[in-house]
Amino acid sequence: MKFSKTSATALALILAASSAYAGCGISAGNVRILANDFDALGIVVDEAKTCAGDGVAVEANMTTEHKSLQVPALSVNPAQYSVAVVANNSIVPLLNEDLIRPLDDLVAQYGATLQDSQLIRIDGKVMAIAFMGNAQHLFMRSDVLAEAGLEQPTSYEEVLAAAQVIRDKGIMEYPLAAADLPGWNLAAEFVNMYLGMGGEFFAPGSAEPAINNETGLKTLEMMKAMTGFMSPEYMSYDADEMKALYLAGQVAIMNQWGSMVNAHIDPNGPAPQIGEATVLAAAPTVGGGSTPAAALWWDGFTIAKNISDEDAAASFQAMVHGIRPEVAQANPTGATWLMKDFTAPASANGVLGTAAAGAKAYPMTPYMGLLHTALGDELADFMQGTEDAGQALTDVEAAYRAAATEAGFIN
Amino acid sequence: MRHRDFFVFVFPSALLMLLFIALPIGSVLVQSLFVEHDRVLEVVKSCTPFGCTEETRVNVAATAALKSEAPLGKFNGLGTYLNRAHLATAELAEIFADNDGLGDIVSRIYNLPFYKALSFTLVYTFTVTPLAIFFGFLVALGVNTLPRLFKGPVIFLSLLPYVVTPLIGSLILYWMINTDGIIGTALQYLSGNPDLSLKASPVLTWLMLIIYGSWHMAPFCFVVFYAGLQTLPQDTLESAMIDGASRFERVRYVVVPHLKPLATFVGLILLMDNFRVFEPIVGFSSSAHATSLSYSIFSDLNGQVDQLFGSAAATSVLTTIGVIILLMPVLVRTWRDFNRKAR
């Protein structure tokens with residue numbers, strides 16, 4: 001009888017401890033998360049949601065439209081969301097409009113599990129906490145390369161040569177793919193290649209564009225050369241479409257997002273044999289340079305300015321709980337995590353290799369988004385072959401200037 | 001009717017029109033005259049997991065001070081209307097001052113975003129409107145001769161294209177014309193060209209959008225014309241038959257004149273509807289080959305990071321002006337008819 005009483009007490013203690021654990025030590029507050037919608041973020045958001053209960057409410061809105069929602073939603077007081085999950089590019093409008101709060105105090109109080117490298121510091125203040133890195137890098141079919149008797153290519157020039165061999169040997173007519181869908185994807189391809197060529201986007205110290213030059217022309221030339229080995233519909237491919245093509249066995253070499261590795265190599269996915277044959281490597285270099293032609297990205301969270309301090313503390317703790325080192329260890333292939341003690345598996349090789357080889361980060365310049373939009377709209381004519389490269393770059397600069405003037409960056 | 005009664009009768013609808021039509025258009029008009037304040041920029045050190053760099057950023061305090069002084073933004077007059085993204089007057093002047101003949105002028109004007117969007121919008125409007133009216137009329141004639149038993153189901157089926165949400169309809173067709181899709185593969189087989197892709201060629205994309213538009217809008221015309229056919233004067237028809245008129249002649253001289261006022265109405269609605277073509281461009285992911293004025297507004301408001309409200313407002317005002325110009329002939333005609341009847 002006494003024994004059972006002790007064990008009951010022990011059981012009660014364990015239950016109490018675990019419920020306190022589930023509550024993440026937050027006493028009260030509302031956590032409302034706005035995030036992009038992809039698998040790795042889902043893991044973090046789901047973990048943060050386990051903090052709900054006992055006066056703590058956790059809600060999340062995961063949508064690919066987050067970029068157009070975030071500014072209006074955080075401008076109102078109180079803000080509709082207490083947490084905005086952002087990346088290099090999407091933090092910029094929040095900074096421009098002063099909608100997120102410095103996190104130094106919260107980091108000191110609740111950030112014991114964070115590493116210093118995770119803190120995004122702007123002008124000395126912590127404005128965001130990063131938890132994963134991302135980049136586009138090479139996905140290759142080792143079986144196709146072996147059949148064609150090829151080494152793994154490490155530069156875009158070698159990728160083109162390899163594609164020619166694969167075509168000549170009759171293995172695939174269109175061995176390459178790239179996310180050339182006009183809009184965000186096409187612009188991202190340009191940014192990657194241009195960074196690999198060592199280009200600068202703006203004239204130093206101003207918002208004047210500086211892409212209409214030799215580097216810009218070489219960038220477009222390489223992008224166009226790649227399309228020679230792509231199916232005629234290459235202009236309608238985004239990252240998801242590329243995944244479908246790759247899993248259908250129609251692509252041998254492509255530069256795909258690191259955050260999508262899992263979906264490509266999933267042994268329970270639609271094409272396990274293709275996943276098995278996939279090798280991942282750093283993004284290729286281009287034009288004899290040594291920097292991989294891919295921008296580095298980080299994903300992290302920010303806390304809204306227009307909310308109560310209580311909600312801010314609760315939100316910070318819930319998100320720190322969502323990105324605690326155990327989450328990374330439990331989901332090693334989920335993403336290229338930046339958390340403490342994370343030993344990266346082979347699936348993170350592409351992103352880590354790209355970063356280790358010295359790839360540049362996607363710029364956080366306030367007017368980069370406008371240039372990205374202009375690139376996405378104006379490069380389409382060139383990619384289809386209805387315009388020459390010089391005219392395309394002139395158009396990009398003109399479109400960007402019109403937008404940047406309206407946005408108040410160029411007088 | 002006494003003036004007072006007329007006023008009381010019309011007041012509620014006039015008030016609603018003022019609130020929901022005139023006010024929003026007025027606010028868009030005002031918005032289009034303003035742009036954002038000049039942003040105060042500064043260079044600070046920023047550190048990410050990939051290292052530290054000197055990065056430009058907006059000085060929010062200084063910019064906010066400017067904003068609170070004049071919340072609407074910086075007055076820009078007609079600047080936004082005349083810039084490259086809209087009427088592009090400076091670029092047009094340059095093109096006309098220095099060019100290599102007509103072909104060069106056309107291709108360079110087409111390269112400007114507003115005129116590119118306008119050309120597709122106009123071509124779409126002026127092909128889809130007559131095509132939809134024509135096919136709608138044919139279907140109505142056909143259904144009208146069916147035995148009573150079949151009429152219900154056939155009418156229902158003929159209406160389906162109009163019932164399907166444009167975005168969904170265009171997405172489904174988009175998948176079908178994919179090179180892996182049933183129509184795409186069939187066309188490749190029939191043309192003997194394994195590289196044929198409807199999505200890769202600008203001309204084929206335009207054709208596809210126009211065919212889709214006609215398919216989508218024809219049922220609307222069909223329903224209106226079918227209703228009109230039920231009011232056909234039977235005695236006129238019968239006397240035409242006694243006079244030995246063929247079926248074609250009866251349609252030409254009795255049915256068509258009878259349906260003419262309806263056709264004007266249908267044309268009016270279709271012109272307005274087609275001028276704001278938007279969903280098929282999203283559904284077919286065809287923004288590389290064909291954009292429309294509505295699509296320009298959408299992309300201004302749905303930019304990567306920034307929303308260009310002034311630019312979107314200017315395009316909206318230009319679209320409104322476009323609609324007024326398009327409808328002018330029809331409105332003038334209605335006005336004349338009204339005056340004639342009043343006399």
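Visitor: Leaving aside its neighbours within four places in sequence, which residues is A:Ile33 in contact with?

Guide: A word of care before the answer: this is a predicted model. In it, A:Ile33 is in contact with A:Val45, A:Ala48, A:Ala60, A:Tyr81, A:Val83 and A:Val85, once the neighbours within four places in sequence are set aside.

Visitor: Which residues have the most contacts inside the largest nonpolar core?

Guide: The largest nonpolar core has 195 residues, and those with the most contacts inside it are A:Ile33, A:Val83, A:Ala84, A:Leu176, A:Ala295 and B:Cys221. Two of these names, A:Ile33 and A:Val83, are also in contact with each other.

Visitor: How should I read the contact between the two chains, and how many residues does it take from each?

Guide: One starts with the residues on each side and then asks which elements supply them. Here the contact takes 40 residues from chain B and 49 residues from chain A. On the side of chain B that touches chain A, strand E2 (41–48), strand E3 (51–58), helix H2 (60–69) and helix H15 (309–342) of chain B each supply at least two residues, and the largest share, 5 residues, comes from E2(B). That side of chain B divides into 14 nonpolar, 16 polar and 10 charged residues.

Visitor: Which strand of chain A is joined to E2(B), and how do the two run?

Guide: Strand E4 (residues 119–122) of chain A is joined to E2(B) by 2 bridges, and the two run antiparallel. To find the place in the structure, look for A:Arg121, which stands opposite B:Cys47 in E2(B).

Visitor: Why is chain B described as more spread out than a compact globule?

Guide: For chain B, which has 15 helices and 4 strands, the radius of gyration is 26 Å, well over the 20 Å that the rule gives for 343 residues, so chain B is more spread out than a compact globule. Along its principal axes the C-alpha trace of chain B spans about 90 × 75 × 45 Å, and 30% of its 343 residues count as buried. Among its contacts between residues at least 6 apart in sequence, 67% join residues at least 24 apart.

Visitor: What does the domain assignment of chain A give?

Guide: A domain can be assigned as more than one stretch of sequence, as in chain A, where domain 1 is 26–133 + 296–354 and domain 2 is 135–294 + 363–406. Their centres, taken over C-alpha atoms, are 29 Å apart, and the contact takes 21 residues from domain 1 of chain A and 18 residues from domain 2 of chain A. On the side of domain 1 that touches domain 2, H15(A) gives the most, with 5 residues, and the residues of that side divide into 8 nonpolar, 12 polar and 1 charged.

Visitor: Which peptide bond is cis, and what is phi in A:Asp98 and A:Asp123?

Guide: The bond from A:Asn77 to A:Pro78 is cis, with omega near 0°, and A:Pro78 has its place in the loop between helix H3 (66–75) and strand E3 (83–87) of chain A. A:Asp98, although not a glycine, has a positive phi of about 60° and lies in the loop between helix H4 (91–96) and helix H5 (104–110) of chain A. For A:Asp123, phi is positive and near 55°, and its place is in the loop between E4 and strand E5 (125–141) of chain A.

Conventions. Residues are numbered from 1 along each chain as its sequence is written. Chains are lettered from A and ligands numbered from 1 in the order in which they are written. This is a predicted model: local features need pLDDT of at least 70, side-chain atom pairs count only at pLDDT 80 or more; totals for chains, interfaces and linings use all residues. Two residues are in contact if their C-beta atoms, placed from the backbone, lie within 7 Å. Ala, Val, Leu, Ile, Met, Phe, Trp, Tyr, Cys and Pro count as nonpolar, Asp, Glu, Lys and Arg as charged, and the others, Gly among them, as polar. Two strands pair if DSSP finds at least two bridges between them. A nonpolar core is a set of buried Ala, Val, Leu, Ile, Met, Phe, Trp, Tyr and Cys residues joined through C-beta atoms within 7 Å. A residue is buried if 20 or more other C-beta atoms lie within 10 Å of its own, exposed if 12 or fewer, and partly exposed in between; C-beta atoms are placed from the backbone. The radius of gyration is taken over C-alpha atoms; the globule rule is 2.2 Å times the number of residues to the power 0.38. Domain bounds come from an automatic or database domain assignment.
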